Amino acid sequence: MTRVFSGIQPSGVPTLGNYLGAIRNWVPMQDTHESIFCVVDLHAITVWQDPKELARQTREMAAALIACGLDPKRCTLFIQSHVHAHTRLAWIFNCVARLGWLNRMTQFKDKAGKDREAASSGLYVYPNLMAADILTYHATMVPVGDDQRQHLELANDIAEKFNHDYGVDFFPRIEPLIQGVAARVMSLRDGTKKMSKSDPSDQSRINLTDDHDAIALKIRRAKTDPEPLPDHVSGLEARPEARNLVGILAAITGTMPENVLREHGGKGFGAFKEVLVEALVGHLTPIQREITRLLDDPAALDAQLRLGADRAEAIAAPICARAEGIVGFLPRR
Ligand code: AMP
Ligand code: TRP
């Protein structure tokens, strides 16, 4: 059976972008594939995280994933730092990946900003750890949002160079799975920027934990243009904000943008936004209730995550040990 792996950073509350671009696509995979999902706290600290906040957000992210439909009985759900194979294999990959490859990564350029000299070295080698996350399970299918495509190409380059340099056929090729009408949900303030947990403006995103009032306010204030909605998707070209809101409604109601426009084409944004608010609130309210319920019993949540880590380790540790053997590390006897 194909093994699926994906990860999400506990660097804040999950956003609608995380939900529509990634998490929601993970849920059905539990029934069709051996699925492994990971809260990547090691990746989160590549930029500064307050320790207390990080601990809280890690639990909150795990609760949110379960509330969105990941079932710890049907998938392996765990916290990255609990399974040491990730960092061990990442070190080997630090020695396989070339500086030239990392220099091309657009996410590093975005996250490091203008003062690149001040970025952490962890942020620079972030994609190597991500490759290790996937490859220490010999996972071959990776469902992610569109922004992760370049990192997965790099992971394939690393796997190929490892196999080539050591003369083995050990690491498999990874297939990115970038799905759906909302593989890229954009900021509510700027239709050319992706919606992100780390955007300084909370108005730019819908958090999965936002209540009715917060959602209504953010959607009503969302940037749009003065034209009414077009009747056809071709009319969304060069209208990034309109396209984004139409895409969100399509994704949340399980349809395609053309159907949304068939129904709402010709409407002004005032009326359209009210429809969107109701759809979002209806969809997110049950998820929010479930997050609150799960966070009320942290011991039960931690126990589920411990079981997940045990199961993950049972797969990852032997694969990592074989990679170490290939490199020539002497086993500890
Ligand atoms: P991150 O929040 O960076 O840990 O991302 C976790 C997952 O959510 C990854 O698969 C991302 O590709 C996906 N994702 C993050 N932001 C967006 C967005 N604005 N639209 C679609 N997918 C997203
Ligand atoms: N880098 C991913 C993101 O920010 C999160 C991630 C870490 C990941 N390790 C992964 C995603 C392995 C897929 C597979 O979205």
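Me: How many salt bridges does the structure hold?

Reply: First, the ground rules: this is a predicted model, where local features need pLDDT of at least 70, side-chain atom pairs count only at pLDDT 80 or more, and totals for chains, interfaces and linings use all residues. Residues are numbered from 1 along each chain as its sequence is written, chains are lettered from A and ligands numbered from 1 in the order in which they are written, and side-chain values use heavy atoms, with hydrogens and water left out. A salt bridge is a side-chain nitrogen of Lys or Arg within 4 Å of a carboxyl oxygen of Asp or Glu. The structure's number of salt bridges is 20.

Me: Which parts does the salt bridge of D302 with R59 tie together?

Reply: The closest N and O atoms of D302 and R59 are 2.9 Å apart. Helices here are DSSP runs (H or I, at least four residues), numbered from the N terminus. D302 and R59 lie 243 residues apart in sequence, so the pair ties together helix 14 (residues 298–327) and helix 4 (residues 51–67).

Me: Which residue has a side-chain N or O atom 2.4 Å from an oxygen atom of ligand 1?

Reply: A polar contact is a pair of N or O atoms within 3.5 Å. The side chain of N18 has such an atom 2.9 Å from an oxygen atom of ligand 1. V185 uses a backbone N or O atom, 2.7 Å from a nitrogen atom of the ligand. The 2.4 Å pair belongs to D147.

Me: Which helix gives the largest share of the shell around ligand 1?

Reply: The shell has 17 residues (a heavy atom within 4 Å). They divide into 7 nonpolar, 6 polar and 4 charged. The largest share, 4 residues, comes from helix 1 (residues 16–26).

Me: What share of the accessible area of ligand 2 does the protein cover?

Reply: Y126 places a polar side-chain atom 2.6 Å from a nitrogen atom of ligand 2. For Q148 and a ligand nitrogen, the distance is 3.1 Å. On its own, ligand 2 has 360 Å² of accessible area (Shrake-Rupley method, 1.4 Å probe). The protein covers 91%.

Me: Which helix supplies the largest share of the shell around ligand 2?

Reply: Ligand 2 has 13 residues around it, with Q9, Y126, M130, D133 and Q148 nearest. The shell divides into 7 nonpolar, 5 polar and 1 charged. Its largest share is 4 residues, from helix 8.

Conventions. Polar contact = N/O pair within 3.5 Å; in protein donor to acceptor, adjacent residues only side chain to side chain. Helix = DSSP H or I, 4+ residues; strand = E, 2+ residues; numbered from the N terminus. Nonpolar A, V, L, I, M, F, W, Y, C, P; charged D, E, K, R; others polar.
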